[in-house]
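Keep the model open and follow along.

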Amino acid sequence: MQRRNQIVLVVVLVFVIENLEIEDEDEKEDEEDESSQDAPKQECFPWRLGVLVLRELACFVLALVRGFVLWLARIIDRMGSRFEIWDAHCHLSGVPGDTPEARLGKLLEYADRMGIARLCVFMGLKWNYDPSPETMRQENDDVLRAIRAFPDRAFGYVYLNPKHTQASLDELNRCVRDGPMVGVKLWVAQRCNAPELDPLVARATELKALILQHTWIKVTDNLPGESTPMDLAELAARHPQATFLCGHTGGDWEVGIRAIRPLKNIFADLCGGDPVAGFTEMAVRELGAERVLYGSDAGGRSFASQLAKVFGADLPESAKRLILGENFKRLLRPILREKGIKPS
């Protein structure tokens with residue numbers, strides 16, 4: 001869809017250029033008619049010569065512009081065919097706009113600049129570390145509004161709080177079983193190795209929903225309910241049939257990658273943090289390219305800085321293709337099939 005829109009833009013540009021040339025020819029004919037009725041030829045010759053030179057120069061410039069536009073179209077098409085980018089980690093916060101629809105629209109505007117085809121968003125306009133059932137529902141309503149406005153460009157995860165088990169199960173059923181969402185977002189209300197998460201993970205697994213768990217390892221100590229990759233490894237070991245995304249891979253990615261390495265049902269999420277050298281290469285070396293996913297953490301982070309972790313990595317193109325979109329599509333395929341949605 002995005003590549004088709006880009007080609008349409010190019011065609012429009014070429015059409016404008018062609019019309020400029022047609023108008024130029026019409027003006028040339030009109031001026032020739034006028035000149036035949038004016039002063040003798042010898043008096044207007046220098047002026048006509050100057051106009052002809054300028055017109056020839058303008059035609060040359062227009063030909064160059066047309067050639068550049070067509071070349072750009074080929075480059076866009078070639079790049080689009082190389083990678084279809086799906087972003088597994090986006091937020092509605094940190095983005096201009098007074099409504100969920102406006103904010104997702106702005107995110108997609110930025111995504112289009114970077115050639116990103118689809119986004120996965122979660123959490124509402126205002127964040128809450130430990131949301132009440134009412135707040136949790138409001139945040140999910142924000143996301144539902146946003147993704148329903150752009151059904152061909154965005155997916156959603158339902159935001160849950162394990163401290164409110166029944167309310168979270170109700171939200172999971174409302175937004176995933178009965179709604180368009182495809183996964184679960186767990187943040188910092190409760191450390192993820194706690195038993196309160198077990199019924200939520202079990203239900204998400206029944207619905208074939210992915211589970212994105214925020215993880216971080218802070219030298220200043222984590223928030224009271226903030227999880228580490230080691231916590232997630234404990235949870236994943238209890239639920240081998242569930243599929244987990246290790247959000248940020250713990251921030252301290254060298255530790256995080258090693259912590260999740262034995263658990264084949266945990267996938268590394270590259271988002272957040274600076275695009276330092278070696279992160280993506282280590283993740284691929286230790287986990288395999290099939291267990292690494294691109295995410296941006298937009299609007300907290302830019303698409304460009306996080307894409308740099310993949311585009312700048314010393315990896316074969318086949319690995320980059322998996323990381324940028326193919327892995328995420330593969331993980332989503334079961335739940336998309338249940339919902340009757342084609343993954344691309």
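This is a predicted model: local features need pLDDT of at least 70, side-chain atom pairs count only at pLDDT 80 or more; totals for chains, interfaces and linings use all residues.

Take Leu54 as the example. Leu54 sits in helix H2, which spans residues 41-82. Its relative accessibility is 58%. The cut-off for exposed is over 50%, so Leu54 counts as exposed.

Now step back to the whole chain. The protein chain holds 11 helices and 8 strands. It has 344 residues, and 47% of them are buried. Its accessible surface comes to about 16,600 Å². Carbon and sulfur atoms account for 56% of that surface.

Next, go to helix H10, residues 303-311. Which of its residues are buried? They are Phe303, Ser305, Gln306, Leu307, Lys309 and Val310. What do the buried residues of H10 pack against? The partners include two strands by name, E1 (85-91) and E2 (116-122). Helix H3 (100-113), helix H9 (279-287) and helix H11 (317-338) are also among them.

Look in the loop between helix H4 (133-149) and strand E3 (154-160). Is Arg153 buried or exposed? Its relative accessible area is 16%. Buried means under 20%, so Arg153 is buried. Its side chain reaches the backbone oxygen of Ala117, at 2.7 Å.

Finish with the cysteines. A disulfide is a covalent bond between the sulfur atoms of two cysteines. How many disulfides does a search of the whole structure find? The count is 0. Cys192 shows why: the closest cysteine sulfur, in Cys246, is 8.4 Å from its own, too far for a bond. The cut-off for a disulfide is 2.5 Å. Cys271 is in no disulfide either. There the nearest cysteine sulfur is that of Cys90, 8.6 Å away. What about burial? Cys192 has a relative accessible area of 0%, so Cys192 is buried. Cys271 counts as buried as well, at 1% relative accessibility.

Note on methods
Residues are numbered from 1 along each chain as its sequence is written. Side-chain values use heavy atoms; hydrogens and water are left out. Helices (H or I, at least four residues) and strands (E, at least two) are DSSP runs, numbered from the N terminus. Buried means under 20% relative accessible area, exposed over 50%, partly exposed in between (1.4 Å probe, protein chains only). A polar contact is a pair of N or O atoms within 3.5 Å; within protein, one must be able to donate a hydrogen and the other to accept it, and residues adjacent in sequence count only if both atoms are side-chain atoms. Contact means heavy atoms within 4.5 Å. Accessible areas come from the Shrake-Rupley method with a 1.4 Å probe; for residues, only the protein chains shown count as cover.
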